[in-house]
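Take a look at the sequence and the 3D structure below. We will walk through the structure one region at a time.

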Amino acid sequence: MARLHQSRKRILVTGGAGFLGSHLIDRLIGQGHEVICADNLYTGSKRNIEHLHNHPRFEFLRHDVCNPLKIEVDEIYNLACPASPVHYQHNPVLTTKTSVMGALNMLGLAKRLRCRIFQASTSEVYGDPEVHPQREDYWGHVNPIGTRACYDEGKRCAETLFFDYHRHHGVDIKVARIFNTYGPRMLPMDGRVVSNFITQALAGEDLTLYGDGKQTRSFCYSDDLVEGFLRLMESPADVTGPVNLGNPGEFTMIELAGQVLKLTGSRSKLIHLSLPEDDPRQRQPDITLAKEKLGWQPTVPLAEGLKRTLDYFRKLT
Ligand SMILES: NC(=O)c1ccc[n+]([C@@H]2O[C@H](COP(=O)([O-])OP(=O)(O)OC[C@H]3O[C@@H](n4cnc5c(N)ncnc54)[C@H](O)[C@@H]3O)[C@@H](O)[C@H]2O)c1
């Protein structure tokens, strides 16, 4: 039977109860699609999707992507995986398993359904990079036996699986390498620097800097990133990625802390703790490819994104 609404797709989002997944679902629902969110709530929360509870085009499935899933959909976004160091190091074997088994199961589903599949990969595939900024053709500098390897190598293996399914089974793939992203619905104190600083500043606690605080990161606001996801998913089939998605603006941790203190009006001090193992010194995306192929670049300045994130955290407390 012909589908009633040709332009309306049924879309699976794994990890949809998480920070990025829930924002993605909001956009997809807003575009008129049907969305199935598959999540085991390991780091995600029902609160992130509760506003969709009775929505006629939304469905929540409590499902672990380490197990196969048999459903009928037109597109898959595979985001399921703990993303912050605190969470992914809590059970490192489970982290690798989620990345690898999750990719295998979702790719198997995409192969059977002959549907397009998106993978949320990460800038961590570049490890502690020796080139700066990082382009997609840089193979990375990852310690395969360090404490971050469960995440980095899991995501690298997932990319390998995506490209082998593409080459050998003709699966239509889209791989995004996501750089640090922040915004409302991040978990407080989950080890990610933006949520840590904001939570500490609001509580009047000292802001913890690791090492000298001169290491740099680039921060992309969640709305900008999700726009990149959608553009990549809609791009021609030969645009498989990997495509870097992130904000090239580079800030030291000290600068970020300064912005958070200014916006919160907090008088918290900065304290220095020792640097975690394999912590990259610099991380900045080269987004030339995303600009060329997707016409995409971030638009929300750090101060504005921080302000919106701060509003969300204020309401939580
Ligand atoms: N936020 C970032 O800065 C960033 C950067 C690079 C890559 N990513 C990637 O984007 C994706 C989403 O990240 P996020 O920041 O929203 O993290 P998040 O932890 O908020 O979301 C991850 C979601 O996956 C779910 N999940 C974990 N294991 C699962 C499993 N086995 N089965 C089903 N669901 C499972 C969690 O419950 C959660 O809802 C992740 O794959 C992450 O690696 C995020």
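**A walk through the model**

At 16% relative accessibility, Ala-80 counts as buried, because the cut-off for a buried residue is under 20%. Keep in mind that this is a predicted model. Ala-80 lies in the loop between β4 (75-78) and α2 (85-90). Leave out residues up to four places away in sequence, and Ala-80 touches Thr-14, Gly-15, Val-65 and Thr-98. Asp-64 is 16 residues from Ala-80 along the chain. In space, the C-alpha atoms of Ala-80 and Asp-64 are 8.6 Å apart.

Now turn to the ligand. Which residues come nearest to the ligand? Of the 29 residues around it, they are Asp-39, Thr-43, Tyr-151, Lys-155 and Arg-192. A polar backbone atom of Leu-79 is 2.8 Å from an oxygen atom of the ligand. Cys-81 has a backbone N or O atom 3.3 Å from an oxygen atom of the ligand. Thr-98 uses its side chain: an N or O atom there is 3.4 Å from a nitrogen atom of the ligand. How much of the ligand does the protein bury? Taken alone, the ligand exposes 830 Å², and the protein buries 97% of that.

Which elements give two or more residues to the shell around the ligand? They are α1 (19-30), β5 (116-122) and α4 (149-169). The largest share, three residues, comes from β5.

Aromatic rings come next. A pair of aromatic rings is described by the distance of the centres and the angle of the planes. The structure holds eight aromatic pairs. One of them joins Tyr-182 and Phe-219, with 6.5 Å from centre to centre and 85° between the planes. That pair is edge-to-face. Tyr-182 lies in strand β7 (residues 181-182), and Phe-219 lies in the loop between β9 (216-218) and β10 (220-221), so the pair ties together parts that are 37 residues apart in sequence. Are these two residues buried or exposed? Tyr-182 has 1% relative accessibility and counts as buried. Phe-219, at 4%, counts as buried too.

Tyr-182 also pairs with Tyr-221. Their ring centres are 5.6 Å apart and their planes meet at 65°, so this pair is edge-to-face. It links distant parts of the chain: Tyr-182 is in strand β7 and Tyr-221 is in strand β10, 39 residues apart. Both Tyr-182 and Tyr-221 are buried. Elsewhere in the list of rings, ring pairs link Tyr-77, Phe-118 and Phe-229 into a cluster.

Now find helix α5 (residues 193-202). How many of its 10 residues are buried? The count is eight, and the helix is mostly covered. Val-193, Val-194, Ser-195, Asn-196 and Phe-197 are among the buried residues. Ile-198, Gln-200 and Ala-201 are buried as well. What covers them? The cover includes β7, β8 (207-210), α7 (253-264) and α9 (302-316). Strand β7 is also where Tyr-182 sits. Just after α5, Gly-204 takes a positive phi of about 70°.

Next, look at Gln-134, in the loop between β5 and α4. Its relative accessible area is 0%, so Gln-134 is buried. A polar atom of its side chain lies 2.9 Å from the backbone oxygen of Val-131. Which residues touch Gln-134, leaving aside neighbours within four places in sequence? Among them are Tyr-126, Pro-129, Phe-179 and Asn-244. The list of contacts also includes Gln-282, Arg-283, Gln-284, Pro-285 and Asp-286.

The last stop is Leu-109, in helix α3 (residues 92-113). Why does Leu-109 count as buried? Its relative accessible area is 3%, and buried means under 20%. Leu-109 touches Leu-12, Leu-69, Ile-71 and Ile-76, not counting residues up to four places away in sequence. Take Ile-71 from that list: Leu-109 and Ile-71 are 38 residues apart along the chain, and their C-alpha atoms are separated by 8.1 Å.

Terms used. Residues are numbered from 1 along each chain as its sequence is written. This is a predicted model: local features need pLDDT of at least 70, side-chain atom pairs count only at pLDDT 80 or more; totals for chains, interfaces and linings use all residues. Side-chain values use heavy atoms; hydrogens and water are left out. A residue is near a molecule or strand if one of its heavy atoms lies within 4 Å of it. A polar contact is a pair of N or O atoms within 3.5 Å; within protein, one must be able to donate a hydrogen and the other to accept it, and residues adjacent in sequence count only if both atoms are side-chain atoms. Accessible areas come from the Shrake-Rupley method with a 1.4 Å probe; for residues, only the protein chains shown count as cover. Helices (H or I, at least four residues) and strands (E, at least two) are DSSP runs, numbered from the N terminus. Rings of Phe, Tyr and Trp (its six-membered ring) pair if their centres lie within 6.5 Å; planes under 30 degrees apart count as stacked, over 60 as edge-to-face and the rest as tilted. Buried means under 20% relative accessible area, exposed over 50%, partly exposed in between (1.4 Å probe, protein chains only). Contact means heavy atoms within 4.5 Å.
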